[in-house]
Amino acid sequence: MQIKEYTALWNEMPIVVKDVRLVQAKPGRKAETYQLPTHGFIYMAEGSARMQLDNMDYTVEPFHVLHAGKGMKLTVHPLGDGRHVEYYLLLYRPEPVGGRAATKHLTALADRFGIAYEVRPSSAIQLSEYAREMHAGWESGNELRRYGVRTLFMRFVYEVLRQLHGADRQAFNDDPVDRAIRYINEHYERPLTVDSLASTLGCSPRHLNRLFRKSGIDSSPSGYLLGVRMEKAGELLGQDRWTVQEIAARVGYEDVYNFSRMFKKHTGMSPTVYRQRHAGPNLPSRMSDSSIVKQADSLYIDNYSQKEKDSGGVTMTYNYSRRSAMWMLLLSFSLLLGACSTPTAGNGTSASTEQSASQTVATTEGGRVITHDLGSTEVVGTPSRVVVLEQGFTQTVAALEVKPVGVADDNKPERFPQDTLAYIEGYESVGTRSEPNLEVIRTLKPDLIIADTNRHTNVYEELSAIAPTIAFPNDKANYEQIVASTRAIGQALDKEEQAEALLAEHASNLEQLKESIEPDQSVLIIAPSEEDGHDFEVRTTSSFHGSFLKNAGLNYALEDAETSSQQLTIEQLLAIDPQHILILINEDTDSVLEAQKENLLWNQLQAVQNGQAREVELATWSRQRSIPALNGIMDEAAGYF
């Protein structure tokens with residue numbers, strides 16, 4: 001069949017999506033044969049395998065697509081060095097409808113869908129997104145989201161057909177920088193990070209940064225993302241159609257204050273001033289929030305609504321505009337808890353530092369209601385099957401002598417401290433912290449999930465559908481927030497006394513540290529953001545370790561109440577010129593001190609001249625944000641200050 005004929009089939013035939021599955025197969029297991037109940041696509045997400053469709057063999061790598069007809073027998077033989085294979089099975093059925101003549105014609109056409117073929121996409125990012133979103137929508141149990149799966153499926157098919165037509169004739173492994181740029185341009189409104197972007201592209205953040213630097217576009221991945229967001233925000237501000245808060249959400253910022261700060265830093269003026277200077281004179285004024293008339297271009301429809309993108313895609317977007325109402329409901333429920341012992345559950349806005357520091361627990365007849373950043377969750381009894389989605393929380397859980405059944409370990413368990421890793425031995429990896437595998441979590445049948453506010457707000461509903469879920473800041477948390485979350489996690493685990501003992505021991509150690517060091521010495525914690533070392537990510541007083549050093553009596557030299565890090569040049573570091581510099585070094589990072597030893601500006605820093613610029617492990621001084629981790633570095637800190 002010619003590709004034009006095949007495309008015509010999809011144009012004529014109504015389609016019904018029958019099932020969306022995420023299948024895992026481990027090397028060493030006996031290959032199983034599965035007879036397809038209807039037509040379907042097989043999309044390889046991870047690993048490689050030899051797949052057989054009847055008597056046809058295919059070697060399938062990540063991002064490859066197979067199509068199989070109804071009744072074909074699929075056999076999967078995992079390949080490689082022990083990595084498991086993960087693929088999506090997207091089953092559909094042609095559905096002839098209409099009058100007798102039309103039905104007869106379409107029935108004849110339906111039989112022609114049963115062909116086998118392989119596609120090696122030149123650009124697979126869009127297919128990956130569609131597959132993930134289809135599976136999430138199908139598994140949600142929400143009829144509206146299931147209805148949206150058909151739209152995503154047809155977009156998946158369109159992308160496959162487009163590439164079959166040869167519209168994009170680049171090599172399969174096209175330039176990762178081009179792929180990253182396309183992805184950012186299409187998905188800038190999502191909570192993207194360099195880590196999540198690199199994971200989507202199948203490379204490390206360090207490698208992606210290096211590729212950007214060598215590409216000649218004069219920007220890092222995070223810098224390019226910021227530029228796209230600010231450019232789009234400027235366009236929206238010029239239309240005088242949405243509030244600043246709505247624009248912030250539309251360009252990927254949940255926190256309007258963080259958006260305003262970044263916009264002013266990027267353009268030199270606040271969003272409000274920018275709007276006053278750039279709004280067109282004849283643009284229609286924005287409708288009142290209280291108007292009973294529906295706006296023509298509504299940003300959001302429901303909690304997980306379909307949002308059309310300029311590129312033609314559809315994404316499921318959380319409705320931030322309803323959070324204020326949900327938060328008021330949550331407050332009302334909290335008041336009712338005092339009058340009756342009714343458990344409360346719901347979503348709310350992300351908490352501020354003050355809210356996080358005052359997390360509470362209420363006791364009900366059936367258990368405990370834990371108030372956290374995303375609502376209130378009832379936990380019954382003593383949880384025994386706990387899944388933890390952040391490294392710092394995993395250390396806390398282990399310190400409270402609870403062995404989790406699942407951990408988001410970024411597929412790099414060696415990054416855990418040896419004592420923690422030894423205690424939690426036997427856990428099941430649930431993938432990365434930025435994108436935990438919900439299917440694996442579901443199979444573990446947890447009775448409690450501990451999530452991170454910054455990373456997991458967008459999947460909180462899905463997590464809560466699996467098990468009671470509590471969420472606290474860790475990725476962007478400061479010292480006070482970690483103390484508060486440690487106490488709340490102890491309450492959730494029914495380990496309140498142990499948590500208080502852990503915090504009391506820590507407070508005692510902190511007092512000893514204060515007595516052993518000279519107070520008010522200035523210090524900064526920095527990390528190279530690029531391999532050439534011209535720029536540094538500098539932790540602020542809002543960061544965990546920065547705020548801890550401030551609590552220890554030191555003068556942490558970069559104040560910032562809103563963001564946990566800033567990108568500074570060596571010239572900007574020299575303007576601050578702290579007495580001490582702690583340089584974060586990853587396990588695979590070259591020495592910064594060695595790389596900078598010929599740099600005249602670097603050598604003017606007083607910390608460098610006085611031998612007080614030290615390289616420290618990134619794992620212990622940045623990634624491990626927990627009270628047990630602090631207890632482990634206090635002796636090290638005492639030797640530095």
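**Rings, sheets and helices: how the terms apply**

Modeller: Tyr 6, Trp 10, Phe 41, Tyr 43, Tyr 92, Phe 113, Tyr 117, Phe 153 and Phe 156 form one aromatic cluster. The model is a predicted one, in which local features need pLDDT of at least 70 and side-chain atom pairs count only at pLDDT 80 or more, while totals for chains, interfaces and linings use all residues. Residues are numbered from 1 along each chain as its sequence is written, and side-chain values use heavy atoms, with hydrogens and water left out.

Colleague: What makes two rings an aromatic pair, and how many such pairs does the structure hold?

Modeller: Rings of Phe, Tyr and Trp (its six-membered ring) pair if their centres lie within 6.5 Å, and the planes count as stacked when under 30 degrees apart, as edge-to-face when over 60 and as tilted in the rest of the cases. The structure holds 20 aromatic pairs.

Colleague: How do you know that the pair of Tyr 43 and Phe 156 is edge-to-face?

Modeller: The two centres are 6.0 Å apart and the planes make an angle of 90°, over the 60 degrees required, so Tyr 43 and Phe 156 form an edge-to-face pair. This pair, too, links distant parts of the chain, with Tyr 43 in strand S3 and Phe 156 in helix H4, 113 residues apart.

Colleague: What makes Tyr 43 and Phe 156 count as buried?

Modeller: Buried means under 20% relative accessible area, exposed over 50% and partly exposed in between (1.4 Å probe, protein chains only). Tyr 43 has 1%, so it is buried, and Phe 156 has 0%, so that residue is buried as well. Trp 10 and Tyr 92 are also buried.

Colleague: How do you know that the charged end of Arg 146 sits over the ring of Trp 138?

Modeller: The term requires NZ of Lys or CZ of Arg to be within 6 Å of the ring centre and within 35 degrees of the ring normal. The charged end of Arg 146 is 4.2 Å from the centre of the Trp 138 ring and sits over it. Lys 403 likewise lies over the face of Tyr 423, at 5.3 Å from the ring centre.

Colleague: What makes S3 and S8 paired strands?

Modeller: Strands (E, at least two residues) and helices (H or I, at least four) are DSSP runs, numbered from the N terminus, and two strands pair if DSSP finds at least two bridges between them. Strand S3 (residues 39-46) and strand S8 (residues 85-94) have seven bridges and run antiparallel, so they pair. In S8, Tyr 92 is the bridge partner of His 39.

Colleague: Why are S1 and S9 called edge strands?

Modeller: They belong to an open sheet of five strands with antiparallel pairing, in the order S1-S8-S3-S6-S9. Strand S1 (15-25) and strand S9 (117-119) each pair on one side only.

Colleague: Which helices lie across this sheet's strands?

Modeller: Helix H3 (residues 125-139) lies across S1, S3, strand S6 (65-68) and S8, at about 100° to S1, whereas helix H4 (residues 143-164) lies across S1, S3, S6, S8 and S9, at about 80° to S1. Axes are lines fitted to C-alpha atoms, for helices over the stretch in contact (heavy atoms within 4.5 Å), and angles run from 0 to 180 degrees between N-to-C directions.

Colleague: Why is helix H14 described as largely enclosed?

Modeller: Eight of its nine residues are buried, so H14 is largely enclosed by the rest of the structure. One of its residues (391-399) is Thr 396, which at 2% relative accessibility falls under the 20% limit and therefore counts as buried. Beyond neighbours within four places in sequence, Thr 396 is in contact with Thr 486, Ile 489, Ser 626 and Pro 628.

Colleague: How confident is the predictor across the chain?

Modeller: On the scale of pLDDT, the predictor's confidence in each residue from 0 to 100, the chain averages 79, and 80% of the residues score at least 70. Over residues 281-358, however, the pLDDT is below 50.
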